[in-house]
Amino acid sequence: MLQIHVLILQHGRNKPRLEWWEKDDPYLPEGQKPPLRIDKWAESCGLVPKSLINNEPEAITVALCFDQESIAGGYELQFVRRIVEQAHRSMWGAKVLAIIDDSAPLFSAASETAAEPEIPQWFKTLVEHRVADILRWPIKRSTDFDKAVTRSEGRLKAIIGCGLDRHWKCLVQSPPELSREQRSLLQPFLIESSNELQDQNCLILIPEEKQDDYLKRLKRKLQSITTTGQIMIGFVDQMADPPEDLETFCKSKGHRLVRFHGIVEVYALLRRLNPVKLDELESYSIPVRTQQKPAFRSTMPPLLLLTHSYQDRADYDCLLAAYDCWELTKDLSDGLVKIYPAISCVKLADILDEMDHLLAWIHIGHGLEAEGLVEADRGVYQPADNWVGCFTAYQSSLALAVFSACESAVVAKRFAESGARVAIGFTKTVHQDICIELTKRVVKAALKTNGARDAILEAFKKGRNVLNSDDEEAKPVAYWSC
C-alpha cells in the first residue's frame with residue numbers, strides 16, 4: 001500500500017504538532033479509494049488560527065514525506081495530486097513542502113536501464129502543483145524536521161530579489177562529474193561552460209566532494225563570466241555547513257551563497273527561478289536591470305485580504321472556510337494575497353496599518369443583525385461602526401468588501417456609506433456552498449478591472465442569478481457608494 005506521511009510542523013519545534021499517514025491502494029478502482037483523513041486535516045486547519053490567537057509568531061508548515069518503500073512502488077499521480085491539493089485547501093496558505101527520503105532512489109529501476117532516465121511523473125506533479133520546496137532529507141524517528149524546514153526557508157530567503165526577468169542556468173564545478181540520473185534531472189538548466197551564457201543568470205554549483213583548490217578554480221570561473229545577469233553560488237553538502245573560506249569569499253564579493261542537500265533540491269530551486277512563461281515573454285519584450293535606487297515601486301503589497309473569525313472547538317467550520325479561501329486564491333500569485341484566519345477589530349487595524357493599498361476585503365465568519373460580526377476566539381460581536389473604525393488610519397480606497405456571514409447586510413451597508421465602492425452582505429442565512437461561487441465572480445471582476453464598480457456589480461448580478469438556493473431571504477445584497 002502506498003502512503004504519504006503528513007507532518008504539521010511549527011518553527012522552533014523539532015517534533016511535529018500533528019502527524020499521520022494518508023494511504024492509497026493502487027489496485028482499487030477510483031471510486032473505491034481509501035478516504036482521506038479529514039478529521040486530521042480539520043484539526044490541523046484549526047492550529048493556524050489558534051497559533052495566531054496565542055500570539056505564536058512561528059509559522060506552521062505542511063511537510064509531505066515520501067518514504068523509500070512507497071517510492072520503490074511508484075506513486076499514482078492522482079493520489080499525489082489529492083494529498084497536495086488537500087494540504088493547500090486546508091492550511092490557510094501555509095507553505096507545503098515535499099520531503100523525499102534521502103536513502104530512496106528517485107529514479108525507478110526501469111528508468112535506470114533506459115538510454116536517458118526519465119523523471120518520475122509523481123515528482124513532476126509536486127513541482128507543478130505549487131509545492132514551495134522539495135527537500136532530500138533522511139526520514140527517521142530521530143529526524144529534526146525543524147532543521148529541514150529552516151534549511152529550506154534559508155534557501156528561499158536567499159533568492160528573494162533574484163531576477164526572474166531572465167533564465168537561470170546551472171554551471172557545475174567538476175570533478176566529480178554528475179551521475180547519469182543527476183544530469184538527467186538538471187538537463188534543462190545545465191551549461192558546460194560560461195561561454196554559453198548570454199544575458200542569463202547563472203548558478204555555479206560546487207559539489208560536496210570538491211577538490212582542494214576549489215576556491216581558486218571558482219575565482220577563475222567568475223572572472224571568465226561576462227554575463228550581465230546575476231550570479232549565485234550553490235554548495236551541495238551532506239548536512240555539513242559550507243566551508244568558512246567559501247562563506248567569507250561570497251560575502252566579500254556580494255555573491256549569494258545557497259545550500260543544497262542533494263541535486264533534487266537544486267532542481268526544485270531552478271524550477272522556481274525559471275518562470276514557465278518566460279520564453280513567451282522574451283519573444284516580444286526586453287528585460288532591463290533595475291537600478292540600485294529605483295524611482296518607481298516594481299511591486300505592490302497584497303491587494304486581497306481574506307479573514308476568518310475562528311471559534312474554539314469549531315475546526316470543521318474552520319476547514320470549510322479554509323476551503324473557500326483556497327478556491328479564491330489558488331489561481332493568484334502569492335504576493336497578491338494576505339490571509340489571517342483569527343481576525344479581531346484590533347488585529348484588523350494592525351494589518352491595515354501595514355498595507356498601503358487594499359483592493360478587496362473578504363471576511364468569512366458569523367454575524368447577527370443587531371450585534372454585528374463576531375471576533376475570533378472570544379465570541380464577542382462587534383458592531384458595524386467598530387469594523388469601519390479599523391480603517392481610520394487607512395489612507396486608501398476599498399473597491400470591494402464581501403461579508404460571508406449570516407445577517408451581515410447591515411455591516412455591508414455601513415461600509416458602503418463609508419465609501420467602500422461595493423459592499424456585499426447577507427440579510428439572513430449564508431449557504432456557504434453557493435456563497436463562494438458568487439464571491440469568486442466579484443473578486444475576479446475586481447482584480448481584472450482594478451475595482452471598477454460597474455464591473456463588480458455586473459458580476460454580482462450574474463452570480464446572484466445563478467445561485468442555487470430556494471431560500472430567497474438567504475441571497476446576498478450589494479450596496480454601493482454614490
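## A walk through the predicted model

Asn55 sits in the loop that runs between H1 and strand E3 (60-66). It is a handy place to start a tour of this structure, which is a predicted model. The chain holds 17 helices and 19 strands, and 50% of its 482 residues count as buried. Among contacts between residues at least 6 apart in sequence, 74% join residues at least 24 apart.

- Asn55 has a phi near 55°, a positive value in a residue other than glycine.
- Is Asn55 buried or exposed? Its relative accessibility is 66%, so Asn55 counts as exposed, the cut-off for that class being over 50%.
- Arg130 is also not a glycine, and its phi is positive too, near 60°.
- You will find Arg130 in the loop between H5 and strand E5 (133-137).
- With a relative accessible area of 34%, Arg130 is partly exposed.

**Helix H1 against helix H12**

- Helix H1 (residues 38-53) and helix H12 (residues 315-329) have axes that come within 8 Å and cross at roughly 85°.
- On the H1 side, the contact is made by Ile38, Asp39, Trp41, Ala42, Glu43, Cys45, Gly46, Pro49 and Lys50.
- H12 contributes Asp315, Tyr316, Cys318, Leu319, Ala322 and Tyr323 to this contact.
- Sorted by class, the contact of H1 with H12 has ten nonpolar, one polar and four charged residues.

**Helix H5 against helix H10**

- The axes of helix H5 (residues 121-128) and H10 come within 10 Å, with a crossing angle of roughly 45°.
- The crossing of H5 past H10 is right-handed.
- Phe123, Val127 and Glu128 of H5 make the contact with Val264, Tyr267 and Arg271 of H10.
- By class, this contact of H5 with H10 has four nonpolar, no polar and two charged residues.

**Leu106, a buried loop residue**

- Leu106 belongs to the loop between strand E4 (96-101) and helix H4 (109-112).
- Although it is in a loop, Leu106 is buried, with a relative accessible area of 7%.
- Which residues does Leu106 touch, leaving aside its neighbours within four places in sequence? They are Ile100, Pro120, Trp122, Phe123, Arg136, Leu185 and Val264.
- Two of these contacts tie back to the helix pair above: Phe123 is part of the H5 side of that contact, and Val264 is part of the H10 side.
- The C-alpha atoms of Leu106 and Gln68 are 9.1 Å apart, although the two residues are separated by 38 residues along the chain.

**Salt bridges**

- Side chains of opposite charge can pair when their charged atoms come close.
- How many salt bridges are there in this model? The count comes to 17.
- One of them joins the side chains of Glu265 and Arg155, with an N to O distance of 3.1 Å.
- This pair links distant parts of the chain, as Glu265 is in helix H10 (residues 263-273) and Arg155 is in helix H6 (residues 145-158), 110 residues apart.
- Both Glu265 and Arg155 are buried.
- Asp312 and Arg313 also meet through their side chains in a salt bridge, again at 3.1 Å from N to O.
- Here Asp312 is partly exposed, with a relative accessible area of 39%, whereas Arg313 is exposed at 75%.
- Asp454 forms a salt bridge with Arg453, and the closest N and O atoms are 3.7 Å apart.
- Asp454 counts as exposed at 56% relative accessibility, while Arg453, with a relative accessible area of 29%, is partly exposed.
- Asp24, Lys33 and Glu76 are linked in a network of salt bridges.

Definitions and conventions. Residues are numbered from 1 along each chain as its sequence is written. This is a predicted model: local features need pLDDT of at least 70, side-chain atom pairs count only at pLDDT 80 or more; totals for chains, interfaces and linings use all residues. Side-chain values use heavy atoms; hydrogens and water are left out. A salt bridge is a side-chain nitrogen of Lys or Arg within 4 Å of a carboxyl oxygen of Asp or Glu. Helices (H or I, at least four residues) and strands (E, at least two) are DSSP runs, numbered from the N terminus. Buried means under 20% relative accessible area, exposed over 50%, partly exposed in between (1.4 Å probe, protein chains only). Axes are lines fitted to C-alpha atoms, for helices over the stretch in contact, and angles run from 0 to 180 degrees between N-to-C directions. A crossing is left-handed if the near helix is turned anticlockwise from the far one by less than a right angle, and right-handed if clockwise. Contact means heavy atoms within 4.5 Å. Ala, Val, Leu, Ile, Met, Phe, Trp, Tyr, Cys and Pro count as nonpolar, Asp, Glu, Lys and Arg as charged, and the others, Gly among them, as polar.
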